[in-house]
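Work through the exercises below with the sequence and the model side by side. Each task is followed by a stepwise solution.

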Amino acid sequence: MMEGSDPHVHVAAEAGRDAVVVRGALASTFGLAGDLPREVTTGCGVRVPCAMTSPRPDKVTCLACREHAQHEHLRLAEWVERLAGMPGAAVGPDQARKAAARHRELAARFAEA
């Protein structure tokens, strides 16, 4: 695909745990900020500049990426709940429910046309 020929805003393939989010968490926690990749693989399988992606449902215009993000957030909601139920979990049940609810809310917003 020629650069600049794709008018859509995509979602990173690792929705909910992409490099931008990790970079922000590291920067706010430790004062460290690594370089972001120039390009990322998207939920629809293409590589685009990082600037052409968004974790926000209201910004993503690629339908395949929206569907990917929806499924990814539903999977993460189940994962959070499952891990919280394990012995010695660092996250309590209330925190896990809130995190899972947030992922389900995002999944629903990505499902909206």
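The model is predicted, and local features need pLDDT of at least 70, side-chain atom pairs count only at pLDDT 80 or more, while totals for chains, interfaces and linings use all residues. Residues are numbered from 1 along each chain as its sequence is written, and side-chain values use heavy atoms, with hydrogens and water left out.

**Exercise 1. Overall description**

Task: State the secondary structure of the chain and the order of its elements.

Solution: 
- Step 1. The chain has three helices and two strands; helices (H or I, at least four residues) and strands (E, at least two) are DSSP runs, numbered from the N terminus.
- Step 2. Read from the N terminus, the order is α-β-β-α-α.
- Step 3. Of the 113 residues, 27% count as buried, where buried means under 20% relative accessible area, exposed over 50%, and partly exposed in between (1.4 Å probe, protein chains only).
- Step 4. Contact means heavy atoms within 4.5 Å. Among contacts between residues at least 6 apart in sequence, 63% join residues at least 24 apart.

**Exercise 2. The core**

Task: Find which residues make up the largest nonpolar core.

Solution: 
- Step 1. The term covers a set of buried Ala, Val, Leu, Ile, Met, Phe, Trp, Tyr and Cys residues joined through side-chain atoms within 4.5 Å.
- Step 2. Six residues form the largest such set: Val 11, Val 60, Cys 62, Cys 65, Ala 69 and Phe 110.
- Step 3. In soluble globular proteins, nonpolar side chains tend to be buried together.
- Step 4. Take Cys 62: beyond its neighbours within four places in sequence, Cys 62 touches His 8, Val 9, His 10 and Cys 44.
- Step 5. Cys 65, also a member of this core, lies in helix α2 and has a relative accessible area of 0%, so it is buried.
- Step 6. Outside four places in sequence, the contacts of Cys 65 are His 10, Val 11, Thr 42, Gly 43, Cys 44 and Val 60.

**Exercise 3. The cysteines**

Task: How many disulfides does the structure hold?

Solution: 
- Step 1. A disulfide is a pair of cysteine sulfur atoms within 2.5 Å.
- Step 2. For Cys 44, the closest cysteine sulfur is in Cys 65 at 3.8 Å, too far for a bond.
- Step 3. For Cys 65, the closest is in Cys 62 at 3.7 Å, again too far for a bond.
- Step 4. A search of the whole structure gives zero disulfides.
- Step 5. Cys 44 is partly exposed, because its relative accessible area is 30%.

**Exercise 4. A helix position**

Task: Is Ala 96 buried or exposed?

Solution: 
- Step 1. Ala 96 sits in helix α3 (residues 93-111).
- Step 2. Its relative accessibility is 3%, so Ala 96 counts as buried.
- Step 3. Apart from neighbours within four places in sequence, Ala 96 is in contact with Val 80, Ala 84 and Val 91.
- Step 4. Val 80 is 16 residues away along the chain, and the two C-alpha atoms are separated by 6.0 Å.

**Exercise 5. Salt bridges**

Task: Locate the salt bridge between Arg 104 and Glu 81 and two others.

Solution: 
- Step 1. A salt bridge is a side-chain nitrogen of Lys or Arg within 4 Å of a carboxyl oxygen of Asp or Glu; the structure holds six.
- Step 2. Arg 104 and Glu 81 pair at 3.0 Å, N to O. This pair links distant parts of the chain, Arg 104 in helix α3 and Glu 81 in helix α2 (residues 63-84), 23 residues apart.
- Step 3. Arg 104 is partly exposed at 34% relative accessibility, and Glu 81 is partly exposed at 36%.
- Step 4. Asp 94 and Arg 97 pair at 2.4 Å, N to O. They are three residues apart in helix α3, so about one helical turn separates them.
- Step 5. Arg 102 and Glu 105 pair at 3.4 Å, N to O, and both lie in helix α3, three residues apart.

**Exercise 6. A surface patch**

Task: Which residues make the nonpolar surface patch of about 290 Å²?

Solution: 
- Step 1. Patches are made of residues with over 30% relative accessible area and no salt bridge; like charges are joined within 9 Å, nonpolar side chains (Val, Leu, Ile, Met, Phe, Trp, Tyr) within 5 Å.
- Step 2. The patch is made by Trp 79, Leu 83 and Met 86.
- Step 3. Leu 83 is found in helix α2 and is partly exposed at 35%.

Key: Accessible areas come from the Shrake-Rupley method with a 1.4 Å probe; for residues, only the protein chains shown count as cover.
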